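User: I would like to learn how to read contacts in a protein model. Can we go through them feature by feature?

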Amino acid sequence: MVVAVSGMDSLGERAAKMKEALQKSQTITDNVVTILGSFDSRLSVLETAMRPTQIRTHAIRKAHENIDKTLKAAEVILTQFDASRQAEAKILKGPHEDLESYLEAIDQLRSNIRFFSGNKGFKSSDAVINNANTLLSKAISKLEDEFKQLLALYSKPVEPDRLFECLPESMRPSLESPGNHKHHNSEHQNGTSETGGFKHLPLIPPRVLPLLHDLAIQMVQAGNQQQLLRIYRDTRSSVLEESLRKLGVEKLSKEDVQKMQWEVLEAKIGNWIHFMRIAVKVLFVGERRVCDQIFEGHDALLDQCFAECTATSVSMLLSFGDAIARSKRSPEKLFVLLDMYEIMRELHSEVEAVFGSKACNEIRESTFGLTKRLAQTAQETFGDFEEAVEKDATKTAVLDGTVHPLTSYVINYVKFLFDYQSTLKQLFQEFESSGETTSQLATVTMRIMQALQTNLDGKSKQYRDPALTHLFLMNNIHYMVRSVRRSEAKDLLGDDWVQRHRRVVQQHANQYKRNAWAKILQCLSTQGLTSSGGGSGVPGEGGSGSGASRGLIKDRFKTFNVQFEELHQKQSQWTVPDTELRESLRLAVAEVLLPAYRSFLKRYGPLVESGKNPQKYIRYTAEDLERMLAEFFEGKTLNEPRR
């Protein structure tokens with residue numbers, strides 16, 4: 001029991017202590033709340049007291065930030081001013097001493113103008129901009145002068161030797177000495193490069209081109225394109241023209257051409273062909289490369305400058321070709337027209353490439369227009385030639401029946417045509433859409449040959465001796481056939497043409513024999529020898545022929561001698577120029593004459609030999625006749641001794 005009471009007391013004591021502790025804790029809590037409440041009140045008062053100070057501090061900080069910004073802005077402006085002063089100093093010195101530094105100064109001026117244009121709030125901006133623009137205008141003006149001086153300094157006419165050296169070896173003039181070749185070869189190594197056999201010629205030293213490019217770009221940026229174009233055109237066009245004049249190019253009119261002797265004109269045409277090739281493939285290509293480098297990045301200006309600086313030079317060259325194309329047509333001009341047409345066709349692709357821009361339209365059209373005119377004139381000359389051959393009224397006959405000058409002229413003309421086969425095919429294509437250019441060339445050639453035959457038929461009628469008429473036609477048509485067989489014309493005219501005309505030659509040879517020898521061969525026939533007097537008088541019958549019969553035989557021998565001597569005198573002056581034809585004609589005559597003479601001599605010779613003075617009637621042996629026949633058709637003059 002005592003134990004239980006003791007335990008209860010202990011528990012009560014502990015409860016009392018806990019209560020006391022809780023009361024203290026409550027008291028502390030209340031005190032803390034009171035203290036915190038007091039702090040809140042005091043902080044509110046402090047905050048109210050500190051607000052003006054915070055506002056002033058923020059304002060001071062803002063002021064400092066504004067001051068920093070202002071100082072930085074002032075520093076930038078001062079830097080621009082400083083840069084402007086430096087640029088002005090460089091520009092006042094001019095570009096000649098240090099072009100690179102001068103160009104940098106111009107760029108700096110432009111930068112300054114852009115800066116102050118974007119900072120109009122700065123009260124001196126307008127004044128600074130005006131000053132910079134004035135300075136920039138002066139700077140660009142000096143740049144123009146520098147560009148003009150630099151371009152003029154390095155723009156020199158090209159000497160002909162340097163131009164010739166840019167041609168392939170086969171196209172160069174042949175008058176150069178080995179020493180010159182060595183000199184020019186060293187020049188090649190120092191300044192030219194080669195493409196397709198033609199060497200590139202630097203018309204302006206490569207080291208100068210970047211400077212000219214920089215100057216040109218500055219002028220473009222300043223809006224001075226027209227001044228730049230004018231300077232370039234005036235300087236370079238005169239240099240190109242002078243280069244061509246040094247080469248020998250002349251600006252000639254149709255009237256000038258008409259007055260020239262043919263030999264002089266032919267030489268000038270040959271030169272012009274070389275000039276065209278040199279101008280397009282060397283000079284104009286070189287000028288295009290200069291323009292490409294100076295005006296790089298500005299294609300429209302580049303094309304315009306190139307077009308304007310080459311226009312006069314191209315016109316100089318084309319004027320001569322145009323004068324030839326428009327001058328009076330004549331057969332001998334056909335081949336030079338074809339040569340000129342050939343070079344224009346050869347240069348077609350280069351003209352397209354070099355003058356391909358829109359700005360060069362007029363130049364391109366003028367060039368291709370000349371090509372067309374040359375083709376047209378050449379084709380018309382063809383027609384003129386055919387007509388001229390048929391109507392050639394040369395009265396001078398060839399007395400010996402040889403090949404007429406017209407025949408050799410026409411045949412040589414036709415043979416020359418075949419040297420131009422590809423050119424002629426191209427020329428026909430200018431006007432024909434069918435594409436049958438080969439057959440067209442054959443047709444033209446056949447028409448020319450037929451025109452020649454027609455004319456020869458007319459000329460053959462001038463001869464009084466029918467034998468000479470046929471000899472003349474035989475000679476001339478044989479010349480035509482032989483020439484065709486030995487040339488490319490054979491493939492074009494065909495074997496049929498050759499065989500047909502060979503038969504014509506043979507027909508005229510037969511007609512010659514019939515007309516020349518029929519009468520004399522009658523002297524050697526037996527016809528009419530036994531028709532009178534009653535006695536036979538035939539050799540082998542004891543010489544019992546009647547006097548009339550012997551007299552007839554003497555007359556026959558006498559007539560034969562006279563006629564043969566006349567034929568010999570006359571026909572040894574006639575000519576068969578072709579050796580093979582001459583021998584074959586002599587042989588054909590001998591094959592008819594000699595057997596007939598031998599037979600007549602054998603049969604009737606003894607009758608004459610048994611009478612008085614037989615040598616008076618029997619003058620020749622068959623061998624004598626054969627020897628004399630070998631003198632026929634040699635074209636001997638009357639005073640030449642008999643061989």
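This is a predicted model: local features need pLDDT of at least 70, side-chain atom pairs count only at pLDDT 80 or more; totals for chains, interfaces and linings use all residues.

Analyst: Start with the salt bridge: a side-chain nitrogen of Lys or Arg within 4 Å of a carboxyl oxygen of Asp or Glu. The general idea is simple. Side chains of opposite charge can pair when their charged atoms come close. Here, K281 and E350 make such a bridge, at 3.4 Å from N to O. K281 lies in helix α9 and E350 in helix α12 (residues 348–354), so the bridge ties together parts 69 residues apart in sequence. Helices are DSSP runs (H or I, at least four residues), numbered from the N terminus.

User: Which residues are linked with K281 and E350 in a network of salt bridges?

Analyst: R277 and E346 belong to that network too. The side chains of R277 and E346 meet at 3.0 Å, N to O. R277 sits in helix α9 (residues 262–294) and E346 in helix α11, 69 residues apart. R277 is buried at 11%. E346 is partly exposed at 30%.

User: How many salt bridges are there by this rule?

Analyst: The count comes to 29. Another example is E159 with K246, whose closest N and O atoms are 3.0 Å apart. E159 is in the loop between α3 (125–154) and α4 (160–164), while K246 is in helix α7 (residues 225–247), so this pair ties together parts 87 residues apart in sequence. E159 is partly exposed at 40%. K246 is partly exposed at 35%.

User: How do I read a helix such as α11?

Analyst: Check its span, then its burial. The expected span is 1.5 Å times one less than the number of residues. Helix α11 (residues 333–346) has 14 residues and reaches 20 Å from first C-alpha to last, close to the 20 Å expected. Ten of those 14 residues are buried, so α11 is largely enclosed by the rest of the structure. Among them are F335, L338, Y341 and M344.

User: How many aromatic pairs are there?

Analyst: Rings of Phe, Tyr and Trp (its six-membered ring) pair if their centres lie within 6.5 Å; planes under 30 degrees apart are stacked, over 60 edge-to-face, the rest tilted. The count comes to 22 aromatic pairs. F306 and F355 are a tilted pair, 5.2 Å centre to centre with 35° between the planes. F306 is in helix α10 (residues 299–326) and F355 in the loop between α12 and α13 (361–391), 49 residues apart. F306 is buried at 0%, and F355 is buried at 2%.

User: What sits over the ring of F306?

Analyst: A charge sits over a ring if NZ of Lys or CZ of Arg is within 6 Å of the ring centre and within 35 degrees of the ring normal. Here the charged end of R288 does so, 5.2 Å from the centre of the F306 ring.

Notes. Residues are numbered from 1 along each chain as its sequence is written. Side-chain values use heavy atoms; hydrogens and water are left out. Helices (H or I, at least four residues) and strands (E, at least two) are DSSP runs, numbered from the N terminus. Buried means under 20% relative accessible area, exposed over 50%, partly exposed in between (1.4 Å probe, protein chains only).
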